[in-house]
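Subject: Handing over a structure

Hello,

Here is the structure you will be taking over. Please open it first, then read my notes below.

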Amino acid sequence: MKKKLLTLMLAAAMTAGMLAGCGGGVATMPSTETVDAAIESAQAKADDSGFTYTGEAPITKSGGTLKILAQTSNYSNVDITKAPIVLKVFEEAGVDPDWQLLDFNSYEEAITPMLSAGNVDADIIKLPDNDPNQIWLKSGMFVPLDEYFDYMPNFTKWLSENPVQKAELTAEDGHIYYVAGVNLAYDYQPCLMYNQVWLDKAGMKAPETLDELVKLLTYFKENDMNGDGKTDDEIPMSVAAEFLPYMFGPAFGLDLVSGYQADQDGNMIFAAADPENYRAYLDFLRDLYAQGLLEMEYTSIDRDKIIERMSNDLTGVAFDYSWAMSMMYSNVLPYYDGTEKTAFVGVKPLSGTHEGFYVGRNSLSGMFGVNSDSSQIELAVKFLDYAMSEHCQDYYCWGFEGETYTVNADGSRSYTEQALDNDWLQQFGINPAFVLPAQQSVEATDILVADWHAKINAELRQYVVDPWPMIYATTDESDTVNLYNEDIQTNVNENATAFIMGTKDLNTEFDGYINGLDALNLGELVQIHQNQYDRYLKALKGE
Amino acid sequence: MGKKKKKTDAGGNGKSFRQLMFRDRYLLYMLIPVVIYYLVFCYLPMTGLIMAFNQYQVGSGFLGIYTSRFVGLKWFRQFFGSIYLPRLVRNTFLLQFYSLIFGFPIPILFAIAVTQIGSLRLQKSVQVCTYLPYFISTVVVCGMINNFLSPTGGIINQLLNKAGIDSINFMNLPQWFRPVYVISGSWQTFGFNSIIFVAAIMGISPDLYEAMRVDGANRRQIIWHLVLPSIRPTIILLLIMSLGTMMSVGFEKVYLLYNTAVYETADVIQTYVYRQGIQSNNYSYATAVGLFNSVINFAIVFTANRISRRVSDTAIW
């Protein structure tokens, strides 16, 4: 029954995703009337110097400097402020950047107090998140962009062509506050990966079910997979705690990544409070832990540790973002020769009591807003518009012709020999989503990764389902969510760890855990998500 | 007239208050930065406590602290109704209590021991070696703790394995968090904390040592009847000051060492305030929790001071 229910639910979710992907004129919750009217009435307007920006460079004739608060590259050896692509965008726009960049890894923690204090000295600000609870836009710190659509021909065009994203970006008050970057939503998502050499040595195929996985992990644990003469140094699986819900939740019909999910009747449940499936999920992980297949230190393992193990050929299974497959994990293996046969390869999701799936990402990510305290709002708005134009997106995906790519006889593009060196390409500023509203491209990513990796990605795309949709909370909803969410997440996280490690008894204490969530007002949050989901479905139906 | 005379008398040497101010003006100038420091970093921020009674709107800036909507005791009611309240208070108190019980006597004993070393060079060397850990950054210390105690490859577990004992998952078992925290804390700070006791011991007049030796006292008797009584006011002063921070666990170290597996014994008020305030933007709620913590701290130090005054005639005020 549960399986049927989840299948229906997933089917509904995927249908919704397809509808959204087709851009079928779907409008979500808040009315986009204000935005639509602003798009309709937008007309190119001359600035104080008499210059009219029409969507192409330059954006001004008078020059100027824009203060930009954003994040550093996730590559520590890349200075994004010196990247040729980034410099080109500013050069063409005719303005100079005055950077204030915060560390990529602690961006959210560093910028949140700054924004909260409300005294950020920057014209353009990259948000720490998608602002789902409208915390930042309600603060009055950001300019409603629809009031400046006269200066945003590229953005208004993009909004008109992408009604779903337009609706998602429209806040409760009917305004749009952010220019968003666009993620790959279905491609290169987190996935399960196996050491192909170990698999071949074990004479096994990549497991498709949980039982097959346990069998494989046990084999890895008991045998000398790396051929060093020892059978006790193999760590069968190296997965950071944050990825366990991605890896195993779907096999039990749970979307623990999004947290909330709807059944086939549209009734909302909190995945980590599902009395049957979540309990089965914890039970499975507890057994893995007890057998030593999930390592003792799983709560503190990080990428650095995993990479170290891989470079010493100590581990056979991983779960991470797809890009890590050929760009981080395989290439540290001592025997990797650039082929799939010697790599960590991605496979379809595991199935258990339910058919497996991977959870995709929301396509909107990397929000940029214009500070309402800025003394040059129009210039900042124009720059954001230019920076998100198709012309600049081409730079972000491909770089410059002759330097990073060449055009083939059939019109397709190929990266140059030098650009295939990822470090070099990153230093060139490819996909500068840390500082500019970049839109990712499957085509450019396919060429960037190894051929076998691109092929695997194409195969895995079919297993990716939509995450929880981006729905702005109303003021009341966000107040309640902010108040209760932290305690609930704390409770869920620590109980999951306790049940898995056996410090809490799943048989006798699980009901107490569920009751504890009720005491933390989970019911109110479920109701809020139910309301949001109902609004979403209503909008999908065009009501 | 009488009043004026009294004021002059209080000034000493028949000088007026103004004359005394003028006489000590250079000392007073030196005091100015300290006063400014306390005003700016201690007293001015205290006015922000009003956030605990407001619904602070993020992004409303500095003035928003004072102009946000008044909500009375809403956040206190929220915290007192939280299932985490008992655990947070217990963990915060016990971490500091154990640190005090085990950590406080060690510097005293060490100071006594080190001052008994005859060779001055050896004495200085021992002191320097024990001070050094204090200057290692907390992040580095926590990294060392994690590495040493790792169940896979950590030196402590390797030693245990060699002794035939199974590896212990120190950093993921709630019952080990407090010992790890307290022992590592004592190791890091005992040398530095002993400085003030060493100074107090050095301040004891050599004549008194001489007199006791003449009276035939041995080393144990000298320590018991001369050294310890002489440094008693210092011990009590530092003890009361330590009690003042009884509910103020060092946030960084707990934050760097804890994980979801050990929340049961590791989650303290400061980490909870951090998660609620910085990570979840509930600044008003976090301020209320912080204020509650400070009130308890104040009550403890106030009580300790009164008890100390009654028992030993030594008190801070």
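How many of the 22 residues of H3(B) are buried? The number is zero, so H3(B) lies largely in the open. A residue counts as buried if 20 or more other C-beta atoms lie within 10 Å of its own, as exposed if 12 or fewer do, and as partly exposed in between, with C-beta atoms placed from the backbone.

Some ground rules. This is a predicted model, where local features need pLDDT of at least 70 and side-chain atom pairs count only at pLDDT 80 or more, while totals for chains, interfaces and linings use all residues. Residues are numbered from 1 along each chain as its sequence is written, and chains are lettered from A and ligands numbered from 1 in the order in which they are written. Helices (H or I, at least four residues) and strands (E, at least two) are DSSP runs, numbered from the N terminus.

H3 of chain B covers residues 25–46. From first C-alpha to last it reaches 29 Å, close to the 32 Å expected at 1.5 Å a residue. That expected span is 1.5 Å times one less than the number of residues. H3(B) has a kink of about 35 degrees, centred on B:Leu39. The bend at a residue is the angle between axes fitted to the seven residues ending there and the seven starting there.

H11 of chain B covers residues 174–202, which is 29 residues. H11(B) reaches 42 Å, close to the 42 Å expected. Its kink is about 50 degrees, centred on B:Phe190. B:Phe190 is one of the buried residues of H11(B). Others among them are B:Phe177, B:Tyr181, B:Phe197 and B:Ala200.

Where the chains meet

The contact takes 31 residues from chain A and 27 residues from chain B. Two residues are in contact if their C-beta atoms, placed from the backbone, lie within 7 Å. On the side of chain B that touches chain A, helices H4 (61–67) and H16 (269–279) of chain B each supply at least two residues. H16(B) gives the most, with three residues. That side of chain B divides into 10 nonpolar residues, 16 polar and one charged. Here Ala, Val, Leu, Ile, Met, Phe, Trp, Tyr, Cys and Pro count as nonpolar, Asp, Glu, Lys and Arg as charged, and the others, Gly among them, as polar.

B:Val273 is in H16 of chain B. With 22 C-beta neighbours inside 10 Å, B:Val273 counts as buried. B:Val273 touches B:Ala286, B:Val289 and B:Gly290, leaving out residues up to four places away in sequence.

Cores

A nonpolar core is a set of buried Ala, Val, Leu, Ile, Met, Phe, Trp, Tyr and Cys residues joined through C-beta atoms within 7 Å. The largest has 195 residues. A:Met193, A:Phe383 and A:Leu384 touch the most other members. Helix H19 (residues 475–501) of chain A brings the largest share of this core, nine residues. Apart from it lies another core, of seven residues, including B:Ile108, B:Ala111, B:Phe197 and B:Ala200.

Domains of chain A

The domain assignment for chain A gives domain 1 (31–186 + 363–440), domain 2 (191–359) and domain 3 (472–540). Such bounds come from an automatic or database domain assignment. The C-alpha centres of domains 1 and 3 of chain A lie 34 Å apart. Eight residues of domain 1 are in contact with eight residues of domain 3. The domain 1 side of that contact divides into four nonpolar, two polar and two charged residues.

Backbone spots to check in chain A

A cis peptide bond joins A:Ala57 and A:Pro58, with omega about -5 degrees. A:Pro58 sits in the loop between H2 and E1 of chain A. A:Thr60 lies in the loop between H2 (33–41) and E1 (65–71) of chain A. A:Thr60 is buried, with 20 other C-beta atoms within 10 Å.

A:Tyr188 is not a glycine, yet has a positive phi of about 55 degrees. A:Tyr188 is in the loop between E4 (179–182) and E5 (191–195) of chain A, and is buried, with 28 other C-beta atoms within 10 Å. A:Asn431, also not a glycine, has a positive phi of about 45 degrees. A:Asn431 is in the loop between H16 (422–428) and H17 (442–448) of chain A, and is buried, with 21 other C-beta atoms within 10 Å.

Best wishes
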